Amino acid sequence: MFEWLGNNVAYKLIGLAPASHSGQALQFFVMDISKIFVLLVGVIYIMGLLRAILSPERVREYVRSKPRWLARVLAIFLGAMTPFCSCSSVPLFIGFVEAGIPLGVTFSFLIASPMINEVAAVLLVSMLGFKVGAMYVAAGMAVAFVGGMVMEWFRPERWVEDYVWKIQMGVATLQQPDTSLAGRHRFALGEVREIVGRIWKWVMAGVAVGAAFHGYVPSQWIQEHLANGDIWSVPAAVVLGVPLYSNATGVIPIAEAMLGKGVAIGTVLALMMSIAALSLPEMLILKKVIRWPGLAIYASVLAVAFMLVGWSFNWMFA
Amino acid sequence: MKEIKVLGSGCSTCRATIALIQKEAETAGVDIRLEKVEDIAEIMRFGVMSTPGVVIDGTVVHAGGLPSKETVQGWLRA
């Protein structure tokens with residue numbers, strides 16, 4: 001259906017040749033934009049109806065005073081279900097510290113949350129297939145688990161700003177959610193408006209980059225340089241992802257275009273993770289609670305983890 | 001007169017929340033005092049982790065995300 005829409009708009013309505021660069025790019029753009037927005041609205045609405053979208057306050061209650069291994073597993077799963085806005089990562093960090101949740105577990109949460117979420121997971125599977133979707137989610141969870149453990153090993157307490165330890169948190173008694181059908185519907189609509197309103201820019205940008213890649217990058221060049229997973233292509237993908245920032249949904253069309261042209265899977269996964277979880281703006285926000293040495297280690301741990309993911313997938317599927 | 005505090009450290013949704021409350025209060029003709037709380041320690045004292053949060057007369061009524069127009073109207077009527 002979406003392909004039909006893309007074909008009609010690009011080739012019939014505008015009259016571009018199917019073989020031309022611009023025709024292919026526009027066809028991809030229309031097809032992906034329509035498909036992603038339909039999926040996005042549908043998935044968020046259903047999650048909202050089921051009230052499957054968790055708030056960080058609830059996560060904090062679930063994770064606190066659990067044994068460390070369980071806390072970490074919970075933090076990762078709940079992180080994947082909490083589509084928090086990166087502007088909340090400071091209060092979230094402080095809230096976790098105040099609840100006595102170990103820093104390593106907090107880092108696991110911070111890694112998992114932007115990288116994986118239920119909406120992106122559904123989109124991944126429907127746009128890239130079950131195999132790629134499952135690989136991305138599994139690799140992301142593994143990175144969050146190990147990354148948090150490695151962070152703990154560096155004793156990051158040293159670099160947490162002093163004021164963080166002193167903050168006393170109050171208890172908010174939030175109103176009970178309205179669980180009638182009408183209430184659920186209102187909540188779901190609100191979530192759609194809120195989340196789509198926040199991420200549409202990333203999605204548009206992601207689709208535009210994907211379309212440009214699909215239409216203009218010659219397959220020949222990809223076949224020669226990126227298809228066999230040369231060693232250097234993975235670190236290059238990770239480095240490329242640092243100044244680029246998008247959310248987990250926005251990277252999907254880019255991945256789709258790259259995989260379509262035959263870029264090696266590990267290289268694509270490394271780029272996706274780096275764009276979603278390792279970014280300059282995110283680091284600048286975290287700077288308010290963690291001093292530079294801690295942040296540098298955090299970024300390095302992530303970069304190394306993404307490279308390992310990239311290399312091992314390229315190796316497995318070579 | 002209602003004392004309304006919007007908790008949030010300057011994200012775009014926080015600014016949108018303030019603008020929304022301001023506008024709805026004017027439309028409804030309700031007298032409010034709107035205050036923006038940006039200090040993170042103070043935000044946390046309310047027990048709010050997901051911003052923007054909204055506090056009316058000392059009670060947290062909302063946390064995380066832009067409240068809907070209907071919700072804001074409900075607060076102003078209460």
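**Helix α13(A)**

I started with helix α13 of chain A, residues 251–260, and found it mostly covered, with eight of its ten residues buried. I took a residue as buried if 20 or more other C-beta atoms lie within 10 Å of its own, exposed if 12 or fewer, and partly exposed in between, with C-beta atoms placed from the backbone. Helices are DSSP runs of H or I with at least four residues, strands are runs of E with at least two, and both are numbered from the N terminus.

This is a predicted model, in which local features need pLDDT of at least 70, side-chain atom pairs count only at pLDDT 80 or more, and totals for chains, interfaces and linings use all residues. Residues are numbered from 1 along each chain as its sequence is written, while chains are lettered from A and ligands numbered from 1 in the order in which they are written.

I listed the buried residues of α13(A): A:Val251, A:Ile252, A:Pro253, A:Ile254, A:Ala255, A:Glu256, A:Ala257 and A:Met258. They pack against α2 (21–49), α7 (118–128), α10 and α14 (265–277) of chain A. Just after α13(A), I noted a positive phi of about 95° at A:Gly262.

I counted two residues as in contact if their C-beta atoms, placed from the backbone, lie within 7 Å. The contact draws 24 residues from chain A and 20 residues from chain B. On the chain A side, α3 (56–63), α5 (89–98) and α10 (181–216) each supply at least two residues. α5(A) gives the most, with five residues. By type, that side of chain A has 14 nonpolar, seven polar and three charged residues. Here Ala, Val, Leu, Ile, Met, Phe, Trp, Tyr, Cys and Pro count as nonpolar, Asp, Glu, Lys and Arg as charged, and the others, Gly among them, as polar.

**Chain B**

I read three helices and four strands in chain B, in the sequence pattern β-α-β-α-β-β-α. Its C-alpha atoms fill a box of roughly 35 × 25 × 15 Å along the principal axes. For 78 residues, a compact globule would have a radius of gyration near 12 Å, and the 11 Å of chain B agrees with that. The radius is taken over C-alpha atoms, and the globule rule is 2.2 Å times the number of residues to the power 0.38. Of the 78 residues, 38% count as buried.

**Confidence**

I noted ipTM 0.72 and pTM 0.83 for the model.
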